[in-house]
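Have the picture open while you read.

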Amino acid sequence: MASVTFDKATRIYPGTERPAVDALDLEVGDGEFLVLVGPSGCGKSTSLRMLAGLEDVNSGRILIGDRDVTDVQPKDRDIAMVFQNYALYPHMSVADNMGFALKIAGKPKAEIRQRVEEAAKILDLTEYLDRKPKALSGGQRQRVAMGRAIVRQPQVFLMDEPLSNLDAKLRVQTRTQIASLQRRLGVTTVYVTHDQTEALTMGDRIAVLKDGVLQQVGTPRDMYDRPANVFVAGFIGSPAMNLGTFHIEDGAAVLGEARVPLSRETISALGNDSKGEIIVGFRPESLDRVSAGTEGAIPVTVDLVEELGSDAFVYGRLAGSKELAEHISSGAGEAQIIVRIDPRDVPMKGDTVYARIRPGEQHNFAAATGERLPD
Amino acid sequence: MAQSLEITAARLDPALLDLPWEVTLEEWPESVLAALPRGISRHVVRFVRLSGRVIAIKEIGETVAFHEYEMLRNLNRLGAPSVQPLAVLTGRSTPQGEPLDSVLVTEHLQFSLPYRALFSQYLRPDTATRLIDALAVLLVRLHVLGFYWGDVSLSNTLFRRDAGAFAAYLVDAETGEFQPELTVGQREYDLDIARTNIIGELMDLQAGEILDEDVDTISVGNRIVERYTELWHELTSSESFDTGERWRVAARIDRLNELGYDVGELAITTDIDGTRIHIQPKVVDAGHHHRRLMRLTGLDVQENQARRMLNDLDAFRAATDRQGEEEEFVAHDWLARVFEPTVRAIPRDLRGKLEPAEIFHEVLEHRWFISQQQERDVPLPEAVQSYIDNVLRHRPDERAVLDPGDTRTIPRIDF
C-alpha cells in the first residue's frame, strides 16, 4: 500500500501541440479511492496509463510511495490493472485460478495458498476454493477474477471504466461492490470514469479533468457545494446546474426581469476583463418558489413538467425576451432552466413560475475566466 | 412489440435479417446453429450458417461492440491477420419489450483452428512451440502497425496451417487500441500479458490432461518473449559498420525479406568523417512473399505458403533451365503445369480438408518423403495420387472447426 503522486506530469503525443495531460499535480493518499473523471478526451485515461507505465511521461514525474517510477516498466511498478480481461481456466480449481500468476512468479506453494485463502475470505469464496469455475455463479466467477489482482498484493489498483460494459442495473450493483471491497482491502485505488454520478458515489475524492488540465480535486461534497469553476459546476451533479450570464447593475446580477443580489465581496473580486458581466449558477434544488415581485425572483416560463413521484421538475425558459433567455443554460440544453418544485403544487405548461435562489446556494463565477468568485 | 434493430455493416447480407434477433442468443434453436459451443465463455458466442459460410455471433455491451467492430475494420484495412467484422446489431428486444444485449457479427475464418482443437488432434510434441512462434509473429506485426492488443492469448487467436507452420489471426479486439506509435511500456506490457495468459492456458490444458504434465509450461511461455524480442530486434534495431562493409545494407534487407518483410524506409546515416555507416529500418511491411506471389501468379495465400511456392517456382525455373527468362512467364507456366494440375487432382469430396495452398505444400512434402523411401524421384502426378490415398483421406475436415474456446473471459468487473 502506498500513496501515488503525479508531479507536474505531462504527456504530449508526438506531432501534436496541446498536451494530452498538462503538468498534472495530484496526490492520492495511502488507501484512498480517487476517481479521475471528465468528458471524453480530457486526459483521464492517459493519466491512468502514465501511472501504469503504458504512456510515456514527457516531463514531470510519477511516484508510488517515495519511489520514482517514471521510467520503470509496468510489470515492475507493483500495481494491478483491474480493467483488462481476465480469463477463468475451466480445468483448474478456483484456488489455482486465483493463484497461478504467483505460481508463474515462482512464489513458494505455502505462500500462494495463504494469500489465496486470505483473498477468498474477503471475497466470500472460501468454500469454493477447491471447486472448478463451472460450479460458480456469474457473480462469483467475477470475484475470482478480482481475486487474481488481490493476491498479488499490489500497492495500487488501477481501474479504467470497469463498468462501461454493463447494463444500468448491473452497473449500480457492481459499483457498490467495488467500493465496499476497496474499503475492506484498504488498497490505494485510482479509478477512471466519464460518469460523474459514478464518481460522486464511489470516490473518497474526485479529480475533474478537462482538456488535459486538472480543474479541481476534492471530496464529492466539496465538488458539489463549491465547484471551483464553471466547467466543474456544470459537470458535477445531476440534473446539471443552471448557469446564466447576467450583467451587473447596481450591485445585482440582472437578466431581463431577473435581479439576483450580489455581495460586495463578489463584485469587488471581478476584474475589468469581465466587462460588467458575471456568471451565476444555481442548482435546480436550490430554488424556492416565490410570488412575483419578490426580491431576487427569476421568472420561468414552463415548457414541460416532469413528475417523478417524490420529486417534480419544471423545464422552462427565462420569461421575457427570447434573446435573453439564451443566456441561461442547464443540463437540459441551451436557453433552458430546470427548477425542482413541490410535486403537490405542479404548474401547467405555459404558466410563469417565480424561483429564488436559496441563500448560500448561489454560485458566482467571473465571466472572463470562469473561476469561482468569493461569496 | 416490434423491436427497432439498428444494424451497422459495411455490406449487409440480407439473410442476416432472418435470424431470430428477438431471442436471447443463448436460446437460439439448434436449427440455425452450425455447432454448439463447448466449455464456458463469459460472452455468449454462437456459430451460424449464413449464405454458404459460417459466421460468429457474440453478445456484448454496445460500446464494446462498436469499439471492437472499429478495431477489426482498421486491422483488416491495414492487412493485419484478423477475423473480418460483418456487423454490429443494437436495439434488440424480446417481443415483450425486454431489451437484449448488442451483438457483434464476424466472419468465421475458413480452415482456421482454435488452439484446443490442435492439442486434441494428433499431438506433435512441438505443437505448443509452433503456435507460440506464430503468435509472436502476429504480435510483432500488430505492434509495428501501432496496435496495442491488451489481451494476447491463445484463446483470442485462430491458427491456420501455413506450409507446415502456423499463421495466427487475431480474434478478440475488445481491449485493443491504435496509437501512432507504441511506447516501450505498452509493447512490453502486451508481451507480459501474452506470456502470463499462454502459461495459464497451457497449465489449464495440463490440468485437463490434454497436455502432457511433463511439459515445462513456464519455459514454453517464455518462448513468446524470446521470439518476439528476436523478431522485433531484427525489424527495428539499428546497426553500425565500416564504410567498407556496405554489403551489410543489402544483407539486412535480405534478412528482413526472408522474415517476410519488405523495407519501406531505411534510414542511413554516416559519421562526420564518413568512416562508419548506421542503418535502421523505419518502415517495414509484412507480407513480402505474399505480395510477390500475388504479383506473379495472382494467388492469394499465406506468407509461408507463398514462400514455399516461390521456392518451388525457383526450382522449376532451374530444372527447366529458364533462368534467363522473365519471371512472369515462367510463373505462368509453373501455375499451368505444376500448381493447378496438383490442386485439380484432389477429388471434390476431399477439398474441405485443407486449403489448396496447404495441400500443395503437403504434396511436396509427401513426394520428398516417398522419394526417399523408394530411393527414386517420384513424379509429381504419382505423388499426388499417393498423397490422396495414403494421407488426405484420413485427415479430418478443417474447413470449419468451431470452438469458441473453453476459457472464460471476464471483460470488466461484474460481481
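Which residue in E10(B) does Leu158(B) stand opposite? It's Tyr169(B). Keep in mind as you look that this is a predicted model.

**The sheet in chain B**

Zoom out and you'll find an open sheet of three strands in chain B, in the order E7-E9-E10, with antiparallel pairing. Strand E7 (112-113) and strand E10 (165-170) of chain B are at the edges and have a single partner strand each, so one side of each is left without a neighbour in the sheet. Helix H3 (residues 127-144) of chain B packs on this sheet, where it touches E9 and E10 of chain B. The direction of H3(B) makes about 45° with that of E10(B).

**A sheet in chain A**

Now hop over to chain A, where four strands form an open sheet in the order E2-E1-E4-E5, again with antiparallel pairing. Its edge strands are E2 (21-28) and E5 (67-68) of chain A, and each pairs on one side only. Helix H1 (residues 44-52) of chain A packs on this sheet, touching E1, E2 and E4 of chain A, and its direction makes about 115° with that of E1(A). Strand E1 (residues 4-11) and strand E4 (residues 59-64) of chain A run antiparallel, joined by five bridges. Look for Phe6(A) there: its bridge partner in E4(A) is Ile62(A).

| Helix | Strand compared | Angle |
|---|---|---|
| H1(A), residues 44-52 | E1(A) | about 115° |
| H3(B), residues 127-144 | E10(B) | about 45° |

**What's packed inside**

In soluble globular proteins, nonpolar side chains tend to be buried together. The largest nonpolar core here has 179 residues, and those touching the most other members are Leu158(A), Val190(A), Val300(A), Leu131(B), Ala134(B) and Leu135(B). H3(B) gives this core its largest share, 12 residues. Beyond its neighbours within four places in sequence, Val300(A) is in contact with residues including Val314(A), Leu318(A), Ile337(A) and Val353(A). There's also a second, separate core of 19 residues, and Trp334(B) and Tyr387(B) are among them.

**Chain A as a whole**

Chain A has 10 helices and 22 strands. Its C-alpha trace spans about 80 × 50 × 35 Å along the principal axes. Of the 375 residues in chain A, 47% are buried.

Definitions and conventions: Residues are numbered from 1 along each chain as its sequence is written. Chains are lettered from A and ligands numbered from 1 in the order in which they are written. This is a predicted model: local features need pLDDT of at least 70, side-chain atom pairs count only at pLDDT 80 or more; totals for chains, interfaces and linings use all residues. Two strands pair if DSSP finds at least two bridges between them. Helices (H or I, at least four residues) and strands (E, at least two) are DSSP runs, numbered from the N terminus. Two residues are in contact if their C-beta atoms, placed from the backbone, lie within 7 Å. Axes are lines fitted to C-alpha atoms, for helices over the stretch in contact, and angles run from 0 to 180 degrees between N-to-C directions. A nonpolar core is a set of buried Ala, Val, Leu, Ile, Met, Phe, Trp, Tyr and Cys residues joined through C-beta atoms within 7 Å. A residue is buried if 20 or more other C-beta atoms lie within 10 Å of its own, exposed if 12 or fewer, and partly exposed in between; C-beta atoms are placed from the backbone.
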